[in-house]
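Student: I have not seen this structure before. Could we go through some parts of it by question and answer?

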Amino acid sequence: MPSRSSPPPAPPRNETLRTPGALIEHGLARPEDRAALERVARDYATAIPPTFLHLIERPDDPIGLQVIPSPDELEMAPHEREDPIGDDALSPVPGIVHRYADRALLKPLLICPLYCRFCFRREHVGPDGGLLDEAALERALEWLRSHEAIREVILTGGDPLMLSPRRLGHILRELENIEHVTTVRIHSRVPLAAPERITDALLDAMELERQALWLVVHANHEREFTETGRAALRRIVRRGIPVLGQSVLLRGVNDSIPALEGLFRAMVENRVKPYYLHQLDPAPGTSRFYVPITEGRRLLAGLRGRVTGLAWPTYVLDIPGGHGKVPLGPDYLETDQGTVSDPSGKRHTLLTPDTHSGN
């Protein structure tokens, strides 16, 4: 029997935290914030899986900031939008988003292993919503079948790897039977947030004969690459699935040259090619994560010459309103002056065949 002076036993850390009460019990939120967090919970889901829970050293560290809800989420800044990148307006049928002529998103569910506090779909995702039933899935597949310009289908959500192997395999087999679809891409947090889900059965479901399947893993800090996450990535790579990485530039998480260097090095060391560094989408209640584009360009420029080109992502902005992604630089060529800057910032005159065209 413990003595009366013994501290209470620590709560178990092998559960997914979903409620303000659980956050307070684990020391991740203050009791005085309970009422505000209950209001946040009415609009936005919370899920902190064990893998991430064990990484949190304090609520405002780079892991805690990503997943612990804050009363600040109740404040909507003037520049923020309910549908920041126009997904709703570009959805011809439930489960489909069509923004570019040659590709479309297929969202078979809106469930994630964790719920990012900066997510641009945060008002839609949650543990109780968004699973396409058979009829809705068939309508979405029929839309893809009838649009022959679609060459690539991007499975997103939610997180497609939260599907059962049977359900994921069924969807991929249906896509494989669409002749004009040549590429399938899956966007996921699962390999690092819930690596136990990367089973042989799930990997078997991802085997495609005719189409190229790519996996894009979302990670924002090098600490997310745990031993179990690294092992999950190795299992994926061994199946011949190419893996890309995408990240969001976030205040307090990765808004420094050392943090970005560590993140992109961790990706490359695990055979993940950094693909996109996203400028934060203006979703409601996310201003605390905002990094100005000028600062983002400076940070990325600071990595040039410091890390291998394999670790260099494209810094992109998804133009609010659904107008698509554009690269943000940084730029090194000054065409009006005929000069180019090297990684240290020193300018050099760029000699080309046009330089002496008048001679």
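Predicted model: local features only at pLDDT ≥ 70, side-chain atom pairs only at ≥ 80, totals over all residues.

Tutor: We start with the pairing of β3 and strand β4 (residues 183-188), which is parallel and has 4 bridges.

Student: In β4, which residue is the bridge partner of Val153?

Tutor: Val153 belongs to strand β3 (residues 152-155). β3 pairs with β4 in the parallel sense, and the partner of Val153 there is Val184.

Student: How many bridges join strand β2 (residues 103-106) to β3?

Tutor: β2 and β3 run parallel. One of the bridges pairs Leu105 with Ile154 of β3. The number of bridges joining β2 to β3 is 4.

Student: Which residues point the other way from Glu152 and Ile154 in β3?

Tutor: Glu152 and Ile154 point one way from the strand, and they are buried. On the other side, also buried, are Val153 and Leu155.

Student: Where do the buried residues of helix α2 (residues 34-43) lie around the axis, and against which helix do they pack?

Tutor: The buried residues of α2 are Ala36, Leu37 and Val40. Because they cover an arc of only 95 degrees around the axis, they are on the same side of α2. They pack against α1 (20-25).

Student: Is Asp255 buried or exposed?

Tutor: Asp255 sits in the loop between β6 (243-248) and α10 (257-269). Its relative accessible area is 18%. The cut-off for buried is under 20%, so Asp255 is buried.

Student: Which side chain does the side chain of Asp255 join in a polar contact of 2.7 Å?

Tutor: A polar atom of the Asp255 side chain lies 2.9 Å from the backbone nitrogen of Gly252, but that is a backbone atom. The side chain joined to Asp255 by the 2.7 Å polar contact is that of Arg251.

Student: What is the relative accessible area of Thr286?

Tutor: Thr286 lies in the loop between β7 (273-278) and α11 (293-303). Leaving out residues up to four places away in sequence, Thr286 touches several residues, including Glu80, Arg117, Phe118 and Leu280. Thr286 is buried, and its relative accessible area is 1%.

Conventions:
Residues numbered from 1 in each chain as written. Heavy atoms only, no water. Buried < 20%, exposed > 50% of the residue type's maximum accessible area, 1.4 Å probe, protein only. Helix = DSSP H or I, 4+ residues; strand = E, 2+ residues; numbered from the N terminus. Pairing = 2+ DSSP bridges. Arc of directions from axis to C-beta. Contact = heavy atoms within 4.5 Å. Polar contact = N/O pair within 3.5 Å; in protein donor to acceptor, adjacent residues only side chain to side chain.
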